[in-house]
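Here's a quick briefing to read with the model open beside you. Have a look, then work through the points below.

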Amino acid sequence: MTTLPAVFDAYSRYYDLLYRDKDYAAEVGYIDELLIRQGVTGRELLEFGSGTGKHGRLLAGRGYRVTGIERSAEMVAQAATAEGFNCRQGDICSVQLGRTFDAVLSLFHVISYQISNVDLQAVFSRAAEHLKPGGLFLFDIWYTPAVYAQKPEVRIKRLADGELEITRIAEPVSYPNENRIDVNYTIHAHDKSNGAFTSLIESHPMRHFSLPELDLLATGAGFQRVCAEEFLTGSEPGEDTWGVCLVLRRR
Ligand SMILES: C[S@@+](CC[C@H](N)C(=O)[O-])C[C@H]1O[C@@H](n2cnc3c(N)ncnc32)[C@H](O)[C@@H]1O
């Protein structure tokens with residue numbers, strides 16, 4: 001039997017360059033403010049899908065102690081630990097750390113990578129199990145009204161640094177009966193140090209959500225929704241809001 005590489009394993013090599021312009025510092029400022037606004041005073045955070053650790057390290061710089069769980073071994077390998085931040089390989093559908101935290105975070109659409117109801121129910125349950133009573137589960141998702149209003153399109157992104165030149169083509173395929181878009185990435189990379197050209201193809205299936213659907217998942221796992229707003233701006237979600245941030249409180 002051939003084992004297919006996990007989503008993000010090959011992509012991880014190019015991840016930080018591809019998202020070089022993403023303003024992680026501003027995002028962490030927003031998350032810190034949101035946690036404070038919702039009354040979180042403790043500093044212990046669990047991060048689901050911690051990727052290369054950018055949010056985690058910045059949150060550690062603000063005095064939080066962050067434990068990251070990340071499925072892709074290659075992403076974990078790219079993630080430098082720092083004082084206040086560590087991460088380990090694991091699946092957020094099944095992780096069991098045997099301790100609780102003040103908040104569980106899952107940032108940059110990690111929840112949208114859980115496309116089946118079974119996996120979503122498992123992730124919400126794992127979040128609840130790792131929270132103190134009254135603790136918060138904070139995450140952002142693709143929002144169904146915006147996905148249908150805006151319709152995903154083919155996009156091309158070109159980036160370069162001292163070592164690499166890359167071109168990424170993102171080709172979406174919509175599965176409306178499953179609330180799912182498969183984003184098929186093709187990456188062409190040129191390694192300037194040795195002149196080598198590499199190409200890879202990786203498919204990222206993404207689920208999008210309505211608020212009633214998320215409320216059902218939340219209630220089933222013992223949560224109550226306390227906030228749903230546009231990620232970063234705090235505006236009310238609508239057809240122009242691709243990324244919505246949810247905050248759930250463990251009852
Ligand atoms: C778009 S990246 C976001 C990474 C990081 N949170 C950031 O903001 O840069 C999505 C990450 O979620 C991870 N992921 C998806 N499903 C997961 C699962 N079931 N368990 C653990 N990690 C998962 C992927 O491997 C990937 O690193």
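**Ligand site and helix packing**

There are 20 residues around the ligand, and the closest are Tyr-15, Tyr-24, Gly-49, Glu-70 and Leu-107 (a residue is near a molecule if one of its heavy atoms lies within 4 Å of it). Bear in mind that this is a predicted model, where local features need pLDDT of at least 70 and side-chain atom pairs count only at pLDDT 80 or more, while totals for chains, interfaces and linings use all residues. Numbering starts from 1 along each chain as its sequence is written, and side-chain values use heavy atoms, with hydrogens and water left out.

- Gly-49 puts a backbone N or O atom 2.8 Å from a ligand nitrogen (a polar contact is a pair of N or O atoms within 3.5 Å).
- Leu-107 has a backbone N or O atom 2.9 Å from a nitrogen atom of the ligand.
- For Arg-71, a polar backbone atom sits 3.1 Å from a ligand nitrogen.

**H2 against H3**

- Helix H2 (residues 24-37) and helix H3 (residues 54-61) cross at roughly 60°, and their axes come within 9 Å; axes are lines fitted to C-alpha atoms, over the stretch in contact for helices, with angles from 0 to 180 degrees between N-to-C directions.
- Helices here are DSSP runs (H or I, at least four residues), and strands are too (E, at least two), numbered from the N terminus.
- H2 and H3 are therefore oblique to each other (under 35 degrees is roughly parallel, over 145 roughly antiparallel, 65 to 115 roughly perpendicular, and the rest oblique).
- On the H2 side, Tyr-24, Ala-25, Glu-27, Val-28 and Ile-31 meet Lys-54, His-55, Leu-58 and Leu-59 of H3, where contact means heavy atoms within 4.5 Å.
- By class, that contact has 6 nonpolar, 1 polar and 2 charged residues.

**H5 against H7**

- Helix H5 (residues 117-129) packs on helix H7 (residues 211-220) at about 55°, with the axes 9 Å apart.
- That angle makes H5 oblique to H7.
- Leu-120, Gln-121 and Phe-124 of H5 meet Leu-214, Leu-217 and Ala-218 of H7.
- This contact has 5 nonpolar, 1 polar and no charged residues.

**Around Glu-230**

- Glu-230 belongs to strand S10 (residues 223-230).
- Glu-230 and Val-244 are 14 residues apart in sequence, yet 4.6 Å apart C-alpha to C-alpha.
- Beyond its neighbours within four places in sequence, Glu-230 is in contact with Tyr-30, Ser-235, Asp-240, Thr-241 and Gly-243.

Methods. Ala, Val, Leu, Ile, Met, Phe, Trp, Tyr, Cys and Pro count as nonpolar, Asp, Glu, Lys and Arg as charged, and the others, Gly among them, as polar. A polar contact is a pair of N or O atoms within 3.5 Å; within protein, one must be able to donate a hydrogen and the other to accept it, and residues adjacent in sequence count only if both atoms are side-chain atoms.
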